[in-house]
Amino acid sequence: MDILIIGGGIIGLSIAVELAKTQRRVSILDGGFPGTAAYAAAGMLAPGAERLPPGGLRDLGQASLARYPAWIQDLEARTGQSTGYWPCGILAPVSERTQSNPHGIWLDRAELDQQQPGLGPHFQGAWWYPQEGQVDNRQLTQVLHQAATSLGVEFFPQQTVVRLEAKNATIQRVLTDVTSHQADHYILAAGAWAQKLLSLPVAPRKGQMLALQAPHAPGLNQVVFASAYLVPRRDGRLVVGATSEDVGFQGGTTAGGIHTLLHEAIRTYPPLAPWPLVETWWGYRPLTPDQAPILGPSPWDNLTLATGHYRNGILLAPITAEIITQYLNGQPWPKELAFCRWDRFGNHLALQ
Ligand SMILES: Cc1cc2nc3c(=O)[nH]c(=O)nc-3n(C[C@H](O)[C@H](O)[C@H](O)COP(=O)(O)OP(=O)(O)OC[C@H]3O[C@@H](n4cnc5c(N)ncnc54)[C@H](O)[C@@H]3O)c2cc1C
(Lines give C-alpha, C1' and ligand atoms only; values in the text may rest on other atoms or scores of the structure.)
Protein backbone atom coordinates (compact mmCIF):
# COMPACT_ATOMS: atom_id res chain seq x y z
CA MET A 1 0.00 0.00 0.00
CA ASP A 2 1.00 3.58 -0.63
CA ILE A 3 0.15 5.36 2.66
CA LEU A 4 -0.87 3.82 5.99
CA ILE A 5 -2.46 6.09 8.60
CA ILE A 6 -2.25 4.98 12.23
CA GLY A 7 -5.39 6.31 13.94
CA GLY A 8 -8.81 6.89 12.42
CA GLY A 9 -9.97 9.77 14.62
CA ILE A 10 -10.88 13.15 13.19
CA ILE A 11 -7.32 13.90 12.07
CA GLY A 12 -6.56 10.51 10.47
CA LEU A 13 -9.89 10.49 8.62
CA SER A 14 -9.55 14.08 7.39
CA ILE A 15 -6.06 13.40 6.05
CA ALA A 16 -7.20 10.16 4.41
CA VAL A 17 -9.99 11.92 2.51
CA GLU A 18 -7.72 14.73 1.33
CA LEU A 19 -4.97 12.36 0.21
CA ALA A 20 -7.42 10.06 -1.56
CA LYS A 21 -8.77 13.06 -3.49
CA THR A 22 -5.26 13.40 -4.96
CA GLN A 23 -5.30 9.76 -6.12
CA ARG A 24 -3.09 8.45 -3.34
CA ARG A 25 -3.85 4.90 -2.15
CA VAL A 26 -4.58 5.19 1.54
CA SER A 27 -5.35 2.77 4.38
CA ILE A 28 -6.32 3.49 7.99
CA LEU A 29 -5.70 1.34 11.03
CA ASP A 30 -7.73 2.07 14.14
CA GLY A 31 -7.94 0.34 17.51
CA GLY A 32 -11.39 1.75 18.37
CA PHE A 33 -10.19 3.02 21.74
CA PRO A 34 -12.70 4.25 24.34
CA GLY A 35 -12.17 7.95 24.95
CA THR A 36 -11.43 8.84 21.32
CA ALA A 37 -11.59 12.64 21.19
CA ALA A 38 -13.36 12.73 17.80
CA TYR A 39 -16.37 11.13 19.49
CA ALA A 40 -16.10 12.96 22.80
CA ALA A 41 -15.65 16.55 21.61
CA ALA A 42 -18.16 19.40 21.64
CA GLY A 43 -17.37 20.38 18.05
CA MET A 44 -16.89 24.08 18.70
CA LEU A 45 -15.05 26.00 16.00
CA ALA A 46 -13.70 28.63 18.31
CA PRO A 47 -10.26 30.17 17.71
CA GLY A 48 -11.39 33.47 19.27
CA ALA A 49 -13.59 32.17 22.09
CA GLU A 50 -10.89 29.64 23.01
CA ARG A 51 -8.45 32.57 23.22
CA LEU A 52 -5.80 30.81 21.17
CA PRO A 53 -2.50 32.61 21.80
CA PRO A 54 -1.71 35.28 19.18
CA GLY A 55 0.71 34.14 16.49
CA GLY A 56 1.07 30.84 14.72
CA LEU A 57 -1.57 28.79 16.48
CA ARG A 58 -4.26 31.44 16.31
CA ASP A 59 -3.50 32.06 12.63
CA LEU A 60 -3.72 28.32 11.98
CA GLY A 61 -7.08 28.20 13.79
CA GLN A 62 -8.43 31.17 11.83
CA ALA A 63 -7.20 29.67 8.55
CA SER A 64 -8.91 26.39 9.36
CA LEU A 65 -12.16 28.14 10.33
CA ALA A 66 -12.09 29.93 6.97
CA ARG A 67 -11.83 26.56 5.19
CA TYR A 68 -14.80 25.05 7.00
CA PRO A 69 -17.69 26.12 4.70
CA ALA A 70 -16.12 24.76 1.49
CA TRP A 71 -14.74 21.67 3.24
CA ILE A 72 -18.17 20.80 4.67
CA GLN A 73 -19.92 21.52 1.39
CA ASP A 74 -17.63 19.08 -0.40
CA LEU A 75 -18.06 16.34 2.23
CA GLU A 76 -21.84 16.71 2.35
CA ALA A 77 -22.07 16.69 -1.45
CA ARG A 78 -19.94 13.54 -1.67
CA THR A 79 -21.98 11.64 0.92
CA GLY A 80 -25.46 13.19 0.89
CA GLN A 81 -25.20 13.29 4.71
CA SER A 82 -25.28 16.25 7.09
CA THR A 83 -22.38 17.11 9.39
CA GLY A 84 -24.49 19.41 11.56
CA TYR A 85 -22.18 22.31 10.65
CA TRP A 86 -23.74 25.48 12.03
CA PRO A 87 -21.91 28.84 12.00
CA CYS A 88 -24.21 30.05 14.78
CA GLY A 89 -21.67 32.35 16.48
CA ILE A 90 -20.21 31.99 19.96
CA LEU A 91 -21.16 34.15 22.91
CA ALA A 92 -18.66 34.29 25.78
CA PRO A 93 -20.30 35.97 28.80
CA VAL A 94 -18.03 37.29 31.57
CA SER A 95 -18.72 38.54 35.09
CA GLU A 96 -16.19 41.33 34.67
CA ARG A 97 -14.77 42.99 31.57
CA THR A 98 -11.05 42.82 32.28
CA GLN A 99 -9.22 42.84 28.94
CA SER A 100 -9.67 44.29 25.53
CA ASN A 101 -10.16 41.72 22.83
CA PRO A 102 -9.43 42.39 19.17
CA HIS A 103 -11.34 39.33 17.98
CA GLY A 104 -14.62 39.67 19.85
CA ILE A 105 -17.37 42.29 19.82
CA TRP A 106 -18.28 43.57 23.29
CA LEU A 107 -21.98 43.37 24.27
CA ASP A 108 -23.12 45.09 27.45
CA ARG A 109 -25.76 43.44 29.63
CA ALA A 110 -28.73 44.92 27.77
CA GLU A 111 -27.31 43.82 24.42
CA LEU A 112 -26.48 40.42 25.88
CA ASP A 113 -30.09 39.96 27.03
CA GLN A 114 -31.27 40.70 23.52
CA GLN A 115 -28.82 38.27 21.98
CA GLN A 116 -29.51 35.48 24.46
CA PRO A 117 -32.24 35.94 27.06
CA GLY A 118 -32.01 34.00 30.32
CA LEU A 119 -28.28 34.00 31.10
CA GLY A 120 -27.16 34.13 34.77
CA PRO A 121 -27.49 37.50 36.59
CA HIS A 122 -23.75 37.60 37.46
CA PHE A 123 -22.69 38.29 33.87
CA GLN A 124 -21.74 41.90 33.20
CA GLY A 125 -21.70 41.42 29.43
CA ALA A 126 -20.20 39.16 26.79
CA TRP A 127 -17.72 38.85 23.97
CA TRP A 128 -19.47 37.90 20.76
CA TYR A 129 -17.70 35.97 18.01
CA PRO A 130 -20.13 36.03 15.08
CA GLN A 131 -17.82 34.13 12.67
CA GLU A 132 -17.44 31.10 14.94
CA GLY A 133 -19.75 28.16 15.52
CA GLN A 134 -19.88 24.42 15.67
CA VAL A 135 -20.06 21.14 13.82
CA ASP A 136 -21.57 17.90 15.13
CA ASN A 137 -18.28 16.05 15.52
CA ARG A 138 -19.95 12.62 15.70
CA GLN A 139 -21.84 13.22 12.46
CA LEU A 140 -18.69 14.70 10.89
CA THR A 141 -16.72 11.58 11.82
CA GLN A 142 -19.33 9.37 10.12
CA VAL A 143 -19.40 11.60 7.05
CA LEU A 144 -15.60 11.53 6.78
CA HIS A 145 -15.67 7.75 7.11
CA GLN A 146 -18.24 7.49 4.33
CA ALA A 147 -16.37 9.95 2.10
CA ALA A 148 -13.14 8.04 2.64
CA THR A 149 -14.79 4.73 1.78
CA SER A 150 -16.28 6.18 -1.40
CA LEU A 151 -12.81 7.43 -2.39
CA GLY A 152 -11.37 3.92 -2.00
CA VAL A 153 -9.69 4.28 1.39
CA GLU A 154 -9.21 0.86 2.99
CA PHE A 155 -10.05 0.42 6.69
CA PHE A 156 -8.52 -1.99 9.19
CA PRO A 157 -10.86 -1.49 12.16
CA GLN A 158 -10.27 -2.92 15.62
CA GLN A 159 -6.54 -3.31 15.09
CA THR A 160 -4.14 -1.77 17.56
CA VAL A 161 -0.62 -0.88 16.46
CA VAL A 162 1.71 -2.15 19.16
CA ARG A 163 5.03 -1.19 17.60
CA LEU A 164 6.70 0.54 14.67
CA GLU A 165 9.81 -1.22 13.34
CA ALA A 166 12.61 0.76 11.68
CA LYS A 167 15.87 0.05 9.92
CA ASN A 168 18.16 3.08 10.04
CA ALA A 169 15.99 6.07 9.15
CA THR A 170 13.18 4.12 7.48
CA ILE A 171 10.08 2.55 9.00
CA GLN A 172 9.93 -1.06 7.79
CA ARG A 173 6.52 -2.15 9.05
CA VAL A 174 3.95 -1.75 11.80
CA LEU A 175 3.03 -4.60 14.10
CA THR A 176 -0.55 -4.78 15.31
CA ASP A 177 -2.22 -7.05 17.85
CA VAL A 178 -3.50 -9.06 14.86
CA THR A 179 -0.88 -8.93 12.09
CA SER A 180 1.71 -6.66 10.47
CA HIS A 181 1.44 -4.09 7.67
CA GLN A 182 3.88 -2.49 5.26
CA ALA A 183 3.49 0.74 3.34
CA ASP A 184 5.64 3.21 1.44
CA HIS A 185 4.74 5.95 3.91
CA TYR A 186 3.21 6.05 7.40
CA ILE A 187 1.28 8.82 9.18
CA LEU A 188 1.00 8.82 12.95
CA ALA A 189 -2.44 10.26 13.81
CA ALA A 190 -2.97 8.42 17.09
CA GLY A 191 -4.22 11.38 19.16
CA ALA A 192 -3.54 11.14 22.89
CA TRP A 193 -2.05 7.64 22.42
CA ALA A 194 0.79 8.78 20.11
CA GLN A 195 3.37 8.59 22.92
CA LYS A 196 2.76 4.86 23.27
CA LEU A 197 4.44 4.37 19.87
CA LEU A 198 6.92 7.25 19.75
CA SER A 199 8.58 9.29 22.53
CA LEU A 200 6.58 12.43 21.66
CA PRO A 201 5.54 14.79 24.50
CA VAL A 202 1.81 14.15 24.01
CA ALA A 203 -0.23 13.54 27.17
CA PRO A 204 -3.90 12.68 27.65
CA ARG A 205 -5.98 15.49 29.18
CA LYS A 206 -9.32 13.98 30.12
CA GLY A 207 -12.60 15.82 29.57
CA GLN A 208 -16.00 14.77 30.90
CA MET A 209 -19.11 15.88 29.03
CA LEU A 210 -22.88 15.57 29.24
CA ALA A 211 -25.96 16.28 27.16
CA LEU A 212 -29.38 17.64 28.10
CA GLN A 213 -32.51 17.67 25.98
CA ALA A 214 -34.13 21.08 25.52
CA PRO A 215 -37.95 21.17 25.30
CA HIS A 216 -37.75 23.20 22.08
CA ALA A 217 -35.08 22.98 19.39
CA PRO A 218 -32.56 24.51 19.43
CA GLY A 219 -32.26 25.11 23.16
CA LEU A 220 -30.14 28.26 22.75
CA ASN A 221 -29.60 30.65 19.83
CA GLN A 222 -25.82 30.11 19.70
CA VAL A 223 -22.95 28.50 21.58
CA VAL A 224 -22.50 29.99 25.06
CA PHE A 225 -18.90 29.74 26.30
CA ALA A 226 -18.46 30.49 30.01
CA SER A 227 -16.80 28.37 32.74
CA ALA A 228 -18.88 25.56 31.24
CA TYR A 229 -19.74 25.72 27.56
CA LEU A 230 -23.22 25.07 26.21
CA VAL A 231 -23.43 23.85 22.62
CA PRO A 232 -26.98 23.64 21.25
CA ARG A 233 -27.44 21.11 18.45
CA ARG A 234 -30.17 21.88 15.97
CA ASP A 235 -32.30 18.94 17.21
CA GLY A 236 -32.57 20.34 20.77
CA ARG A 237 -29.73 18.36 22.32
CA LEU A 238 -27.55 20.62 24.44
CA VAL A 239 -23.95 19.48 24.78
CA VAL A 240 -22.28 20.68 27.99
CA GLY A 241 -18.54 20.55 28.63
CA ALA A 242 -16.01 20.04 29.86
CA THR A 243 -13.71 19.09 32.71
CA SER A 244 -9.95 19.20 32.17
CA GLU A 245 -8.22 16.49 34.22
CA ASP A 246 -4.62 15.38 34.46
CA VAL A 247 -5.39 11.74 35.39
CA GLY A 248 -3.64 9.80 32.63
CA PHE A 249 -5.78 7.21 30.85
CA GLN A 250 -8.21 6.80 33.73
CA GLY A 251 -11.55 6.48 31.95
CA GLY A 252 -15.16 7.03 32.97
CA THR A 253 -17.30 9.82 34.34
CA THR A 254 -17.32 10.78 38.02
CA ALA A 255 -19.78 12.32 40.50
CA GLY A 256 -17.48 15.31 40.94
CA GLY A 257 -16.95 15.84 37.24
CA ILE A 258 -20.63 15.72 36.32
CA HIS A 259 -21.55 17.79 39.38
CA THR A 260 -19.15 20.55 38.30
CA LEU A 261 -20.54 20.59 34.77
CA LEU A 262 -24.17 20.70 35.91
CA HIS A 263 -23.46 23.36 38.53
CA GLU A 264 -21.68 25.62 36.02
CA ALA A 265 -24.26 24.97 33.29
CA ILE A 266 -27.17 25.97 35.56
CA ARG A 267 -25.30 29.05 36.80
CA THR A 268 -24.62 30.07 33.20
CA TYR A 269 -28.18 29.47 31.97
CA PRO A 270 -30.64 28.87 34.86
CA PRO A 271 -33.62 27.93 32.62
CA LEU A 272 -31.97 24.60 31.74
CA ALA A 273 -32.32 23.21 35.30
CA PRO A 274 -35.46 21.12 34.51
CA TRP A 275 -34.16 19.75 31.19
CA PRO A 276 -33.58 15.97 31.17
CA LEU A 277 -30.01 14.69 31.39
CA VAL A 278 -29.72 12.28 28.44
CA GLU A 279 -26.05 11.26 28.23
CA THR A 280 -22.68 11.49 29.95
CA TRP A 281 -19.30 10.61 28.40
CA TRP A 282 -15.59 11.43 28.45
CA GLY A 283 -12.52 11.53 26.19
CA TYR A 284 -8.83 12.36 26.00
CA ARG A 285 -7.47 15.54 24.43
CA PRO A 286 -3.95 15.09 23.05
CA LEU A 287 -2.03 17.75 24.99
CA THR A 288 1.46 19.02 24.06
CA PRO A 289 3.70 21.22 26.27
CA ASP A 290 2.95 24.39 24.23
CA GLN A 291 -0.59 23.35 23.25
CA ALA A 292 0.23 23.46 19.52
CA PRO A 293 -0.05 20.31 17.39
CA ILE A 294 2.87 18.20 16.24
CA LEU A 295 2.78 18.12 12.45
CA GLY A 296 5.07 17.21 9.58
CA PRO A 297 8.38 15.44 9.13
CA SER A 298 9.92 13.05 11.65
CA PRO A 299 13.45 11.64 11.93
CA TRP A 300 12.25 8.72 9.78
CA ASP A 301 12.09 9.55 6.07
CA ASN A 302 8.76 7.74 5.57
CA LEU A 303 6.94 8.73 8.79
CA THR A 304 4.85 11.92 9.03
CA LEU A 305 3.38 13.19 12.30
CA ALA A 306 -0.13 14.59 12.83
CA THR A 307 -1.05 14.60 16.50
CA GLY A 308 -1.26 16.81 19.61
CA HIS A 309 -4.24 18.95 18.56
CA TYR A 310 -5.30 19.28 22.21
CA ARG A 311 -8.54 21.33 22.56
CA ASN A 312 -8.89 22.29 18.90
CA GLY A 313 -8.58 19.21 16.70
CA ILE A 314 -12.09 19.51 15.29
CA LEU A 315 -11.37 23.12 14.33
CA LEU A 316 -7.93 22.26 12.93
CA ALA A 317 -8.95 19.18 10.91
CA PRO A 318 -9.35 20.82 7.47
CA ILE A 319 -6.10 22.80 7.60
CA THR A 320 -4.19 19.81 8.98
CA ALA A 321 -5.46 17.59 6.16
CA GLU A 322 -4.54 20.19 3.56
CA ILE A 323 -1.02 20.81 4.88
CA ILE A 324 -0.18 17.13 5.32
CA THR A 325 -1.49 16.29 1.85
CA GLN A 326 0.59 19.03 0.23
CA TYR A 327 3.66 17.84 2.12
CA LEU A 328 3.16 14.19 1.13
CA ASN A 329 2.64 15.27 -2.46
CA GLY A 330 6.11 16.79 -2.60
CA GLN A 331 5.90 20.33 -1.24
CA PRO A 332 8.54 21.28 1.33
CA TRP A 333 7.39 21.78 4.92
CA PRO A 334 6.38 25.51 5.15
CA LYS A 335 8.73 27.73 7.17
CA GLU A 336 5.81 29.43 8.93
CA LEU A 337 4.78 26.02 10.31
CA ALA A 338 8.12 25.44 12.06
CA PHE A 339 6.23 25.99 15.33
CA CYS A 340 4.40 22.68 14.67
CA ARG A 341 7.48 20.52 14.05
CA TRP A 342 8.39 17.84 16.59
CA ASP A 343 11.99 19.08 16.94
CA ARG A 344 10.89 22.30 18.70
CA PHE A 345 10.92 20.10 21.82
CA GLY A 346 14.48 18.81 21.40
CA ASN A 347 16.44 16.68 19.02
CA HIS A 348 15.80 13.13 20.08
CA LEU A 349 12.84 10.96 19.21
CA ALA A 350 12.73 7.20 19.76
CA LEU A 351 10.37 4.41 18.84
CA GLN A 352 8.76 2.90 21.94
C1 LIG B 1 -14.10 16.51 26.03
C2 LIG B 1 -13.48 17.08 24.78
C3 LIG B 1 -14.03 18.20 24.17
C4 LIG B 1 -13.45 18.73 23.02
N5 LIG B 1 -14.05 19.79 22.40
C6 LIG B 1 -13.52 20.27 21.25
C7 LIG B 1 -14.14 21.34 20.56
O8 LIG B 1 -15.20 21.83 20.98
N9 LIG B 1 -13.56 21.81 19.41
C10 LIG B 1 -12.40 21.28 18.92
O11 LIG B 1 -11.90 21.75 17.90
N12 LIG B 1 -11.79 20.24 19.55
C13 LIG B 1 -12.32 19.74 20.69
N14 LIG B 1 -11.70 18.72 21.35
C15 LIG B 1 -10.40 18.27 20.86
C16 LIG B 1 -10.52 17.31 19.68
O17 LIG B 1 -11.53 16.38 19.93
C18 LIG B 1 -9.17 16.62 19.47
O19 LIG B 1 -8.14 17.57 19.35
C20 LIG B 1 -9.20 15.78 18.19
O21 LIG B 1 -10.25 14.85 18.22
C22 LIG B 1 -7.87 15.05 18.02
O23 LIG B 1 -8.01 14.24 16.89
P24 LIG B 1 -7.10 12.94 16.68
O25 LIG B 1 -7.58 12.29 15.44
O26 LIG B 1 -5.68 13.34 16.82
O27 LIG B 1 -7.42 12.05 17.97
P28 LIG B 1 -8.70 11.16 18.27
O29 LIG B 1 -9.90 11.83 17.71
O30 LIG B 1 -8.67 10.84 19.73
O31 LIG B 1 -8.41 9.83 17.44
C32 LIG B 1 -7.29 9.02 17.69
C33 LIG B 1 -7.60 7.66 17.11
O34 LIG B 1 -6.40 6.89 17.08
C35 LIG B 1 -6.71 5.57 17.43
N36 LIG B 1 -5.46 4.99 17.93
C37 LIG B 1 -4.63 5.51 18.86
N38 LIG B 1 -3.55 4.73 19.05
C39 LIG B 1 -3.70 3.68 18.22
C40 LIG B 1 -2.93 2.52 17.97
N41 LIG B 1 -1.77 2.29 18.61
N42 LIG B 1 -3.38 1.63 17.05
C43 LIG B 1 -4.55 1.85 16.39
N44 LIG B 1 -5.32 2.93 16.59
C45 LIG B 1 -4.90 3.84 17.49
C46 LIG B 1 -7.82 5.67 18.46
O47 LIG B 1 -8.60 4.49 18.51
C48 LIG B 1 -8.60 6.87 17.93
O49 LIG B 1 -9.67 6.47 17.10
C50 LIG B 1 -12.28 18.14 22.48
C51 LIG B 1 -11.75 17.00 23.07
C52 LIG B 1 -12.34 16.45 24.21
C53 LIG B 1 -11.77 15.20 24.81
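A salt bridge is defined here as a side-chain nitrogen of Lys or Arg within 4 Å of a carboxyl oxygen of Asp or Glu. The model is predicted, so local features need pLDDT of at least 70 and side-chain atom pairs count only at pLDDT 80 or more, whereas totals for chains, interfaces and linings use all residues. Residues are numbered from 1 along each chain as its sequence is written, and side-chain values use heavy atoms, with hydrogens and water left out.

Across the whole structure, 15 salt bridges were found. One of them pairs D74 with K21, with 3.0 Å between the closest N and O atoms. This pair links distant parts of the chain: D74 belongs to helix α3 (residues 56-79), K21 to helix α1, and 53 residues separate them. Helices (H or I, at least four residues) and strands (E, at least two) are DSSP runs, numbered from the N terminus.

The ligand sits in the largest pocket. A pocket is an open set of points on a 1 Å grid over the protein atoms alone, where a 1.4 Å probe fits, with protein on both sides within 12 Å along at least five of seven lines. A molecule sits in a pocket if more than half of its atoms lie within 2 Å of its grid points. Elements giving two or more residues to the shell around the ligand are α1 (10-21), β2 (26-30), α2 (37-40), β13 (203-213), β17 (277-287) and α7 (313-328). Strand β17 gives the largest share, four residues.

The ligand has 38 residues around it, of which D30, M44, V161, Y310 and R311 come nearest. A residue counts as near if one of its heavy atoms lies within 4 Å. By class, the shell holds 21 nonpolar, 14 polar and three charged residues. Ala, Val, Leu, Ile, Met, Phe, Trp, Tyr, Cys and Pro count as nonpolar, Asp, Glu, Lys and Arg as charged, and the others, Gly among them, as polar.

A backbone N or O atom of G31 lies 2.9 Å from a ligand nitrogen. A polar backbone atom of R311 is 2.8 Å from a nitrogen of the ligand. At L315, a backbone N or O atom lies 2.8 Å from a ligand oxygen. Taken alone, the ligand exposes 1000 Å², and the protein buries 98% of that (Shrake-Rupley method, 1.4 Å probe).

A217 and P218 are joined by a cis peptide bond, with omega about -15 degrees. P218 lies in the loop between β13 and β14 (223-225). The peptide bond from G241 to A242 is also cis, with omega near -20 degrees. A242 is in the loop between β16 (237-241) and α6 (255-268). Q23, a residue other than glycine, has a positive phi, near 70 degrees. Its place is in the loop between α1 and β2.

How values were computed:
Polar contact = N/O pair within 3.5 Å; in protein donor to acceptor, adjacent residues only side chain to side chain. 1 Å grid on protein atoms, 1.4 Å probe; cavity = no way out; pocket = protein on both sides within 12 Å on 5 of 7 lines; lining within 4 Å.
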